[in-house]
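Thanks for coming. I will walk through one structure, so please have the sequence and the model open.

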Amino acid sequence: IGAKEEQQRIRARFLSEFPDIDAYYRYDEPYFKVYVGDCRTRSEALNLYDLIKKEFPNPIIREDYITIK
């Protein structure tokens, strides 16, 4: 299985486990990554981190542009 297919598999798994949280594909050379959540504050990001770390070990909190609904 290739890296891009693995990225798609992980995103699909994430969305099936957490359907209310958005997940995005991104290619940050040289890696295919999955970004999740649109947290406005670090506190929101830490809550999301605690929620998903059991199913997805080693999540990383990263500052980035978000989609505001």
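What volume does the largest pocket have? About 1,000 Å³. Before going further, note that this is a predicted model.

Let me stay with that pocket for a moment. Its lining is made up of 34 residues. Those nearest the centre of the pocket are Val34, Tyr35, Val36, Ile60 and Arg62. By type, the lining splits into 20 nonpolar, 9 charged and 5 polar residues. Helix H1, strands S1 and S2, and helix H2 each contribute at least two residues to the lining. I will take these elements in turn.

The strands come now. S1 covers residues 23-28 and S2 covers residues 31-36. The two are paired in the antiparallel sense, with 6 bridges. They make a hairpin, and 2 residues sit between the strands. To place yourself on the pairing, find Ala23, whose bridge partner in S2 is Val36. Val36 is also one of the residues nearest the centre of the pocket. Further along, Tyr27 stands opposite Phe32 of S2. As background, side chains in a regular strand alternate between the two faces of the sheet.

Next is helix H2, residues 42-52. Which of its residues are buried? They are Ala45, Leu48 and Ile52. Looking down the axis of H2, these buried residues fall within an arc of 65 degrees, so they line one face of the helix. As for what covers the buried residues of H2, the list includes helix H1, residues 3-17, and strand S2.

That brings me to H1, and to one residue in it, Gln7. Is Gln7 buried or exposed? Its relative accessibility is 5%, and buried means under 20%, so Gln7 counts as buried. What does Gln7 touch, leaving aside residues up to four places away in sequence? The contacts are Tyr25, Arg26, Phe32, Lys33 and Val34. Two of those names have come up already: Phe32 is the residue that Tyr27 stands opposite, and Val34 is among the residues nearest the centre of the largest pocket.

That is the end of the walk-through.

Notes:
Residues numbered from 1 in each chain as written. Predicted model: local features only at pLDDT ≥ 70, side-chain atom pairs only at ≥ 80, totals over all residues. Heavy atoms only, no water. Pairing = 2+ DSSP bridges. Helix = DSSP H or I, 4+ residues; strand = E, 2+ residues; numbered from the N terminus. Buried < 20%, exposed > 50% of the residue type's maximum accessible area, 1.4 Å probe, protein only. Arc of directions from axis to C-beta. Contact = heavy atoms within 4.5 Å. 1 Å grid on protein atoms, 1.4 Å probe; cavity = no way out; pocket = protein on both sides within 12 Å on 5 of 7 lines; lining within 4 Å. Points joined across faces, edges and corners; volume = space filled by probe spheres on them. Nonpolar A, V, L, I, M, F, W, Y, C, P; charged D, E, K, R; others polar.
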